[in-house]
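Please look through the sequence and the model below before reading on.

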Amino acid sequence: MKPEHHSKDTLYAQPYEALGAFQFDESVVSVFPDMIQRSVPGYQTILAGIAELTTQFVKPHTRIYDLGCSLGAVTLTVRRKLETTPCEIIAVDNSSAMIERAKTYLAAFHSDVKVDFQLNDIANIDIQNASLVVLNFTLQFIAPEQREALIQKIYDGLNPGGALILSEKVHFSDSSIQNAIEHLHLQFKRANGYSELEISQKRASLENVLISDTPEQNIERLKKVGFQHHAIWLQAYNFASFLAIK
């Protein structure tokens with residue numbers, strides 16, 4: 001089966017008088033792969049790292065949770081690495097458009113590993129017998145006051161030796177560093193063909209939806225819930241991926 005053709009992201013190419021808050025609706029789903037590639041530096045390297053970390057941490061007869069699975073890129077990456085390992089992947093998203101497209105996408109690739117897609121708020125999911133939990137650019141869309149409870153639930157549901165991979169857009173408390181790194185990210189998007197209008201409108205749309213933490217805030221939260229092993233394993237500009245081991 002041919003890979004699905006993904007549309008180019010032109011969502012913010014035209015001026016909007018009343019730009020709504022960013023939502024993972026059908027219009028975003030259709031351009032999501034293009035949006036991610038052109039907006040998130042290091043994204044493919046993160047997926048490649050998740051694949052390798054899967055082989056290190058996933059044990060037979062355990063569960064892997066992909067929380068905020070979107071179109072299933074992490075789920076597909078993990079499933080390919082598991083091959084015939086007897087495990088179950090639970091992939092959760094609160095966007096029905098994302099879940100439906102992810103199901104279709106994964107159906108194009110044969111695997112004996114079971115994937116349980118769930119249309120739900122990740123705050124409602126029970127985490128049990130987990131060897132790996134992935135939050136790949138998901139926590140940043142959760143209300144800040146709810147983040148610790150979710151990370152606590154993940155920690156409690158992980159088996160000893162299990163891992164959490166947490167990828168997030170971050171900001172820096174030092175304004176000089178923040179300005180320099182934000183400039184690098186803007187240049188990254190410009191180099192990938194986004195116009196000034198697209199960049200400014202997307203920023204306005206995300207402003208009250210994506211609320212980032214500093215790297216230190218993320219590490220402190222991991223410590224607070226009980227993780228004794230934690231570090232940034234990859235950072236590209238203002239995007240960082242954290243590894244925490246129980």
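**A walk through the model**

The protein has nine helices and seven strands, where helices (H or I, at least four residues) and strands (E, at least two) are DSSP runs, numbered from the N terminus. This is a predicted model, in which local features need pLDDT of at least 70 and side-chain atom pairs count only at pLDDT 80 or more, while totals for chains, interfaces and linings use all residues. Residues are numbered from 1 along each chain as its sequence is written, and side-chain values use heavy atoms, with hydrogens and water left out.

Of the 246 residues of the protein, 49% count as buried; buried means under 20% relative accessible area, exposed means over 50%, and partly exposed lies in between, with a 1.4 Å probe and protein chains only. Residues 24 or more positions apart account for 79% of the contacts with a separation of 6 or more, a contact being heavy atoms within 4.5 Å.

An α-helix has 3.6 residues a turn, so residues three or four places apart point the same way. After H9 comes Gly226, whose phi is positive, near 130°.

Arg221 counts as buried because its relative accessibility is 13%. Leaving aside neighbours within four places in sequence, Arg221 is in contact with Leu139, Arg147, Glu148, Ile151 and Asp213.

The aromatic rings come next. The structure holds four aromatic pairs, where rings of Phe, Tyr and Trp (its six-membered ring) pair if their centres lie within 6.5 Å, and planes under 30 degrees apart count as stacked, over 60 as edge-to-face and the rest as tilted. In one of these pairs, the rings of Phe137 and Phe239 have their centres 5.9 Å apart and their planes at 70°, so the pair is edge-to-face. Phe137 lies in the loop between strand S4 (130-136) and H6, and Phe239 lies in strand S7, so the pair ties together parts that are 102 residues apart in sequence. Phe137 counts as buried at 10% relative accessibility, and Phe239 counts as buried at 5%. The rings of Tyr155 and Phe227 have their centres 4.9 Å apart and their planes at 80°, so this pair, too, is edge-to-face. Tyr155 lies in helix H6 and Phe227 in the loop between H9 and S6, so the pair ties together parts that are 72 residues apart in sequence. Both Tyr155 and Phe227 are buried. Ring pairs also link Tyr43, Phe137 and Phe239 into a cluster.

Some rings have a charge over them, which is counted if NZ of Lys or CZ of Arg is within 6 Å of the ring centre and within 35 degrees of the ring normal. The charged end of Lys246 sits over the ring of Tyr155, 4.6 Å from its centre, and the charged end of Arg80 sits over the ring of Phe109, 4.9 Å from its centre.

Strand S1 (residues 63-67) and strand S2 (residues 88-93) pair in the parallel sense over five bridges, and two strands pair if DSSP finds at least two bridges between them. The bridge partner of Tyr65 in S2 is Ile90. Four of the five residues of S1 are buried, and in S2 six of its six residues are buried. In a regular strand the side chains alternate between the two faces of the sheet. In S2, Glu88, Ile90 and Val92 point one way and Ile89, Ala91 and Asp93 the other way, and all are buried.
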